[in-house]
Amino acid sequence: MGIERRSGRDHGLVVATIESSLLRRLHRVKPAADNQLVRHATRALQRGTGATPGILALAKRLGVAERTLRQSFREHIGIPPKRYARMARIRRLVSRAGTAEWADLALEHGLYDQPHLNAEFRALLGVAPREFLAGRLPFATPP
């Protein structure tokens, strides 16, 4: 797969597409209790503030083993809960973009500093925060 850059301010569309895909996976037919577990966990991770919560702590709070939570996430969403938590944190951070300096937003969202924020963006989205907000996004093209 190649990478194509698109311009424009369509980062909201990218986030919405990712959310839609994750929600479709979440709603697939699985045991009801397992489905509810993932729903509660995703809500907790989306609401989170500051640093990404420990998955073990989240599992304990939900009354399940960490392994159960990880397996449920993989089955329903297709990614581990830690990655989902990182994505949720970036989404919260993007919603605050422009309201404060990047370094301040990094600290507010549990990142050490602005370089850590940049590294997190690059790891998850393939671009730095400013590129993302400017709409310079990497997109996979069909083979």
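Student: How many aromatic pairs does the structure hold?
Tutor: Happy to start there, and do keep in mind that this is a predicted model. One of the pairs is formed by Phe73 and Tyr84, while Trp102, Phe121 and Phe132 form one aromatic cluster. The number of aromatic pairs in the structure is three.

Student: Are the rings of Phe73 and Tyr84 stacked or edge-to-face?
Tutor: A pair of aromatic rings is described by the distance of the centres and the angle of the planes. For Phe73 and Tyr84 the centres are 5.7 Å apart and the planes make an angle of 65°. An angle over 60 degrees meets the cut-off, so the pair of Phe73 and Tyr84 counts as edge-to-face.

Student: Which helices does this pair link?
Tutor: Phe73 and Tyr84 are 11 residues apart, and their pair links distant parts of the chain. Both residues are buried. Phe73 belongs to helix α4 (residues 66-76), and Tyr84 to helix α5 (residues 81-96).

Student: Is Leu37 buried or exposed?
Tutor: Leu37 sits in helix α2 (residues 32-47). Beyond its neighbours within four places in sequence, Leu37 has contacts that include Leu62, Val64 and Leu69. Its relative accessibility is 10%, and the cut-off for this class is under 20%, so Leu37 counts as buried.

Student: Which element gives the most to the lining of the largest pocket?
Tutor: Good one! The largest pocket has a volume of about 580 Å³. Of its 26 lining residues, those closest to the centre include Ile18, Leu22 and Tyr84. Elements giving two or more residues to this lining are α1 (11-26), α2, α5 and α7 (114-125). With nine residues, the element that gives the most is α1.

Notes: Residues numbered from 1 in each chain as written. Predicted model: local features only at pLDDT ≥ 70, side-chain atom pairs only at ≥ 80, totals over all residues. Heavy atoms only, no water. Phe/Tyr/Trp six-rings, centres within 6.5 Å; stacked < 30°, edge-to-face > 60°. Helix = DSSP H or I, 4+ residues; strand = E, 2+ residues; numbered from the N terminus. Buried < 20%, exposed > 50% of the residue type's maximum accessible area, 1.4 Å probe, protein only. Contact = heavy atoms within 4.5 Å. 1 Å grid on protein atoms, 1.4 Å probe; cavity = no way out; pocket = protein on both sides within 12 Å on 5 of 7 lines; lining within 4 Å. Points joined across faces, edges and corners; volume = space filled by probe spheres on them.
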